[in-house]
Amino acid sequence: MARVLLRDLNKHYETFHAVKDVSLEIQDREFVVLVGPSGCGKTTTLRMIAGLEAITSGEILIGDTVVNELPPMDRDIAMVFQNYALYPHMSVRDNMAFGLKMRKFEREEIARRVKIAADILGIESLLHRKPRQLSGGQRQRVALGRAIVRNPQVFLFDEPLSNLDAKLRVQMRVELKKLHERLGTTAVYVTHDQVEAMTLGDRVVVMKDGWVQQVGDPLELYNAPANKFVAGFIGSPGMNFAAVSFQREGDTLLAVNHGLRITVPAPIAARLNGHAGRDATLGIRPEDLHLAGPDDDEGHCFEALVEVIERLGSEILLDVKVGPASMVASVPPTVRTRMRDTIRLALDPERLHFFDAETEVAL
Amino acid sequence: MATTTEAATGTPRTRTRLLEDERWLAFFLLMPTIVLLALFIAYPFMKGILLSVTNTRVGVPGEFVGLAIFEKVWNDGIFREAAWNTIYYTAVTTVFKLALGLWLALLLNRHFRGKAFIRAFILLPFIIPTVLSTFAWKWMFDPTFSVLNWLLREIGVIDQRINWLGDPDLAMGCIIAVNVWRGVPFFAITLLAGLQTISPELHEAAAIDGANARQRFLYVTWPLLLPVTMVVVLFSVIQTFADFQLVYVLTEGGPANATHLFATYAYQIGVRTGLLSEGAAISLAMFPVLFLVVIFQLLYIRRVETR
Ligand SMILES: Nc1ncnc2c1ncn2[C@@H]1O[C@H](COP(=O)(O)OP(=O)(O)O)[C@@H](O)[C@H]1O
Ligand SMILES: [Mg+2]
């Protein structure tokens, strides 16, 4: 087990700059998730850690060793591929034993380790089968087994669950979490699915266009997104955005657009001081909206036209129009409304976010 | 009931009706293939067998003589030499074609500039009609005008002209070399296609698992390439075993029968000499050998594929 250090990591493909100045310190035993939309450079970063992709500039340390020039086999890592990459001509047992055989382990030790891993993953009865005789979920387990028998310093996962159906994905997610708790091996996990990232990661790294946008634990990303991209990417359904401008009215700061006239709470207003007069984007999560009641301050309410009602059982999602902007509000399943109704919504002022209209950085 | 009465009247409508019956449809669809196979494969094959059990010569209709011709051929020293030559020629060329073809395929499977061009270029020996390229080789082997001799003399390896195709020992080497030259592209391109079906992720997984390049080839590439390899070898063995044009153009089986193969000797005896029955019997001698090779390899391919 070991920490992993990325220092100003860059990757250029001939004309394309895929990974830009990525710096990251991954602690021993930590589970770090790289998340971002397709093509943002997650896989490339992971493959550079694995040694499968040359590093253009920067440094990677595993433990205390600079591994830039080390071939994959000398980095003491194990990788689980998106398509599992099981050796099709070998039995499950041989697939799991291969890495140990290559490293010249004793026969008994190999058998012992394969048995332990198979026990942990519940695949003892499949050991004699060929990969093509297995279901997707079983192959996934074998791929995990192949990684854990080696007892490496670091696990690398590249979207390991994306080929599974939704239900199995949730189940394997839980198992992965348990497995990490049990083994404690440092893990770097790549996914484009923010739910996976939030549930699995001790810390989550959000990437876009090769840049790291924000690094933080899941709640940090959810509560205090560093910019509009992270705010919109984390959370489902995503954060609502509305372009606003600020107006001062006596002591209070107002965020105003065609349908909104929101009183900005004092602590946030203090932060926004230098920004008065300039344009901004207001952000509020669907779960921070509710039907306005008598307790709600007038300055935090607004009118909305119901366009679509999505009943999910545990909650109702209301797709509404607020002036020209579209928003989603998550309300309790007991709420009764109809399409085309005009309703009054209130927002939780503590949970307001503002982003610079140009730089999109959180204000 | 209705169909039979209509069928008897034979209107175009009933013919359409007839085609809707699967058995008739199958028959009609298979007809062209059956006719072609019968005409060009089955008939000559049967005719060959018939010829071989008579004593037919050109201009002399034969009588049935049982297996007498086979016995005669079996006791023919040149036949035995041709049989040995064929086996030797097939074995040696196949080993070289496989080794060189695999090596080329592995090289071509890498990424480099002008990859597509080189891949097409490699196929040239295979595309040129055999007779033409073999004639070119024949000139290169010519004792007087040989570019080979000139080259070897220029760099000082030899001081006498070598009679490439006139020396019984060298002649076999020459036809083997030309066959390998011609056959390697087929091996290389087919094996390359096989290599490209192997996911690069498997090599990456193996590299992470600690396998070096040699071990990755041995434990990942080679086992996964084996089915394709067996098919290529099968085709090549069949073709080489029955090879004719190359030897016919270069040496006509000489010098002193040193390069006669089954096919060239059968032609020599059957057509040139006019002993049709003997020619047929020599040709047929290839059949059991090839049949066994095919059976063995097909069984092996099936075993590998169901593994
Ligand atoms: N071998 C390559 N050559 C050129 N561009 C590449 C190569 N591999 C990846 N890229 C580009 O680099 C970017 C990042 O790719 P990748 O790391 O695979 O993204 P993802 O975040 O979806 O895993 C993509 O835009 C991709 O097109
Ligand atoms: Mg990817």
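In the predicted model, the contact between the two chains draws on 25 residues of chain A and 19 residues of chain B. Together the two chains bury about 1800 Å², and carbon and sulfur atoms account for 62% of this area. On the side of chain A, the residues that lose the most area to chain B are Met73(A), His89(A) and Met102(A), which together contribute 29% of what that side buries.

Polar and charged interactions also link the two chains. Two salt bridges are counted between chain A and chain B, one of them being formed by the side chains of Arg47(A) and Glu204(B), with a nitrogen-to-oxygen distance of 2.8 Å. The count of residue pairs in polar contact between chain A and chain B, with both residues at pLDDT 80 or more, is seven. With regard to secondary structure, at least two residues of the side of chain A that touches chain B are supplied by each of three elements of chain A, namely the helix α1 (42–50), the strand β6 (77–80) and the helix α2 (92–102). By residue class, this side of chain A comprises 15 nonpolar, three polar and seven charged residues.

The area buried between domain 1 and domain 2 of chain B amounts to about 430 Å², with 82% of it given by carbon and sulfur atoms. In domain 1 of chain B, the greatest losses of area to domain 2 fall on Phe45(B), Leu51(B) and Ser52(B), which together make up 85% of what that side buries.

No salt bridges are counted between domain 1 and domain 2 of chain B, and the count of residue pairs in polar contact between these domains, with both residues at pLDDT 80 or more, is one.

Technical notes
Residues are numbered from 1 along each chain as its sequence is written. Chains are lettered from A and ligands numbered from 1 in the order in which they are written. This is a predicted model: local features need pLDDT of at least 70, side-chain atom pairs count only at pLDDT 80 or more; totals for chains, interfaces and linings use all residues. Side-chain values use heavy atoms; hydrogens and water are left out. Contact means heavy atoms within 4.5 Å. Buried area is the accessible area (1.4 Å probe) that two parts lose on being put together, summed over both. A salt bridge is a side-chain nitrogen of Lys or Arg within 4 Å of a carboxyl oxygen of Asp or Glu. A polar contact is a pair of N or O atoms within 3.5 Å; within protein, one must be able to donate a hydrogen and the other to accept it, and residues adjacent in sequence count only if both atoms are side-chain atoms. Helices (H or I, at least four residues) and strands (E, at least two) are DSSP runs, numbered from the N terminus. Ala, Val, Leu, Ile, Met, Phe, Trp, Tyr, Cys and Pro count as nonpolar, Asp, Glu, Lys and Arg as charged, and the others, Gly among them, as polar.
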